[in-house]
Amino acid sequence: MTSTVDTAGKRASAPSPGGSRSRGIHRGEGAAGWLFVLPVILILGIFLLIPVLMALWVSFSDWSGRGSPLAPGVKFIGLDNYAQITTGGGLQERDFGTALRNNAWYVVLVVPLQTALSLFLAVLVSRRILRARGFFRTAFYFPSVTSSVAITVLWLFLFSFAGPVNGIIQGLGGTGHNWFNDPRGIIHVALGKVGIANGPDWMVHNTFLGISWWEWWAGPSVAMCALILLAVFTTSGTFMLLFIAALQNIGYELTEAGLMDGANGWQRFWRITLPQLRPTLFTVITLGLIGCWQVFDQIYTGTKGGPAKTTVTPAYLSYTSAFQNQDWGMGAAIAFILFVIIIAFTIFQRWALRDRPVSKRRIRAYQPKGVRS
Amino acid sequence: MKRHTARTLLAAGGTVTAAALLLTGCGSGFSGGGTSSSGAGDLTSSKKALTVMIGSSGDAETKAVQDAVAAWSKESGTKASVVAATDLAQQLSQGFAASTPPDVFYLSTDQIAGYASNGSLKAYGDMLKNKDDFYPSLVKNFTVDGKFYCAPKDFSTLQLIINTDLWTKAGLTDADIPTTWDQLASVAKKLTTGTTKGLVFGGEYARIGAFMAQAGGRLVSADGKKAEANSDANVEALTYVQQHLKDGTFAYAKDVGAGWGGEAFGKQLGAMTIEGNWITGGLQSDFPNVKYKVAELPAGPKGKGTLQFTNCWGMAADSPNQKAALDLIEYLTTAKQQLAFSKAFGPMPSVQSAADTWKSDNSALVPFLTGADYAQGVPTTKGSADVVTDFNSQLEGLKTGDPKAILESVQSNLEAIVK
């Protein structure tokens, strides 16, 4: 937008060396440009910029939720809100620590799973020999266009104590779980199976954000696992679409060349197809990360943070502290910490997925044997 | 250079215009911090219509409130409308932030401290004509920092609900209705068969707190000034519950696969449950064939005890027509109107003058009202809802947990907010 306006301005001034903008057929183009971008500036400003700036201000203020946050009575209290949830030592700090723990496990499991599954599905439905490709594409994409509330309700039913999932498990001879009421972390459960019920002392007695390291390593609770499955189920269809589009953009020539060189299917996928999908991979992982750190609706409609706070996420905690407890500053502070976390993760994975020269080890692998120097 | 400056100026001008437009656009929404004082004293008065916001349990409740408000409107000549909120807490917060809150609204005990502390509420309790008619324990529930904020709307206490079919099948009679903890344990044992547990209730403070009350304990002292969660009485209560969760005669609703005590009771997963009078509606609509009886909860080591739950009619400090709002609230809390509500959707009147009529109309539910004499309220200090949530999450693991350790952590959480 800006560059267009700039060139227009330059052209307008070219025939008038005097510098006056009032003559020539291009006069007023700058103003016209501004007029054209004004609607967007207004819309983005009202609905994005101003609310974000106000929320930022609230996170540094003692606004209590009555009247305008910009009213004269509202005081600047520096980093107090941030301090309360990160170093306060009280319930708020522990809640925030718990929420971060829960969400971190959610991200760690959902992002790789949904990326892998969506890529797998995309490769599957892109195969030329597959019949009824349209049907499968629609079927896999369907969960993505269904409202997350409806799917959450469906999930509550499927994973209920007497629900179909438990029915199937029991039919196969296993014992059902009380899925949405089981607060035990799955790593703790697994360790318990091999006889480790309590962590080593250094893990139990050292804490971070009010939560002991042993608790940090509890893994997602059984209830959270059900939500992780839900997220993978609903989002992989969306990302499958992105991968299908990317796969269609890749020419067949390279694959064919690999075929001639004797690469098998597995090698063709890892060495030829996947590297070409890197930009899409970046998009999918970025979107996945952002979506996962912001998970809210499944919690709000489904578990409300239970059982035993193991499905509380920072986004949900931000909502409850603001709307239910009237701690608006703290709610806003949580939101901004979440923002920083998302940015940090995105920068990290940008770095991890950057274009790199082929390593010497890799080059050697491609060289015929005996040529090594 | 000059051209450049011109462009910059133009750009700056554009931004300023945009900002100005934004500010004027937003201006009306964020104006003013309220004109009236939130302390007791004068009420605002104007010709403006009233808005009543309720968190309704269903069509029956919405219609009953609408009818009552319409009748008042006709009588007083002040226009009033009823809004049934989908998410009351959120919609109220929005109203307070924009300085355009509903004039009158439902307010729960766990929210009152938050709204009172930021000055959103008008403390009108002492101006009520029927002030002395409310149960004193309810008035205490809505008193924050010595100010009686709002009129109790209705209430219920927790009592013991017994499935009469299973009761007689186990060979029990009316004489066996438990009056002590030991008797409760023994009938629960007799009633536990197959998938049916003797006593099933929600694994949360809002149910287990009744046992704490019977043992003589509470979370916050009666005057609301001292945290006493780690008292010996509370430890005794949790130990008692834990003991019977372990021997399988008591169970949490979640652990038998039900959402709450009423569902477990209706599905006959529990022969007894601990709930308030709201269970009658649920049983009627979902499990009409289950026959039940309401009895008072057994007395513990320190006598009878239960918890009570209540809401009040909140009034906004920013309401432009508080005089009319007060009049409306007085109308809605009269014995006559509360009895009409009771008939329409089942709540229990919060005024003592309605007690006798209510008892004769609802003879089977009398224990709920009797409980008002000894019931204790849930803590209302700002931040206590969080502490209770945390307590609940620990109570979920009570079966294998350490009661003393759980209560110590609650104590330290409470000490941070009770001063």
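Visitor: How many helices and strands are there in chain A?

Guide: Chain A holds 18 helices and two strands. Please keep in mind that this is a predicted model.

Visitor: What share of the residues of chain A count as buried?

Guide: A residue is buried if 20 or more other C-beta atoms lie within 10 Å of its own. In chain A, 33% of the 373 residues count as buried. As for contacts in chain A between residues at least 6 apart in sequence, 67% of them join residues at least 24 apart.

Visitor: Let us turn to chain B. Into which domains is chain B divided?

Guide: Domain 1 of chain B comprises 50-156 + 309-377, and domain 2 comprises 157-307 + 379-415. Their C-alpha centres lie 27 Å apart.

Visitor: How many residues of domain 1 of chain B are in contact with domain 2 of chain B?

Guide: In chain B, 22 residues of domain 1 are in contact with 21 residues of domain 2. On the side of domain 1 that touches domain 2, at least two residues each come from α4 (109-117), α15 (366-370) and β14 (375-377) of chain B. The element that gives the most is α4(B), with six residues.

Visitor: What is the strand order in the open sheet of five strands in chain B?

Guide: The order is β9-β8-β10-β7-β11 (chain B), and the pairing is mixed. At the edges stand β9 (250-252) and β11 (292-295) of chain B, each with a single partner strand, so one side of each has no neighbour in the sheet. From one strand to the next, the twist averages 25 degrees.

Visitor: In which sense do β8 and β10 of chain B pair?

Guide: Strand β8 (residues 197-201) and strand β10 (residues 270-275) of chain B pair in the parallel sense, over three bridges. Within this pair of strands, B:V200 stands opposite B:T273 in β10(B).

Visitor: Which strands does helix α7 of chain B touch?

Guide: Helix α7 (residues 181-191) of chain B packs on the sheet and touches β8, β9 and β10 of chain B. The direction of α7 makes about 115 degrees with that of β8(B).

Conventions:
Residues numbered from 1 in each chain as written. Chains lettered and ligands numbered in written order. Predicted model: local features only at pLDDT ≥ 70, side-chain atom pairs only at ≥ 80, totals over all residues. Helix = DSSP H or I, 4+ residues; strand = E, 2+ residues; numbered from the N terminus. Buried ≥ 20, exposed ≤ 12 C-beta atoms within 10 Å, placed from the backbone. Contact = placed C-beta atoms within 7 Å. Domains from an automatic or database assignment. Pairing = 2+ DSSP bridges. Axes fitted to C-alpha atoms, helices over the stretch in contact; angles between N-to-C directions.
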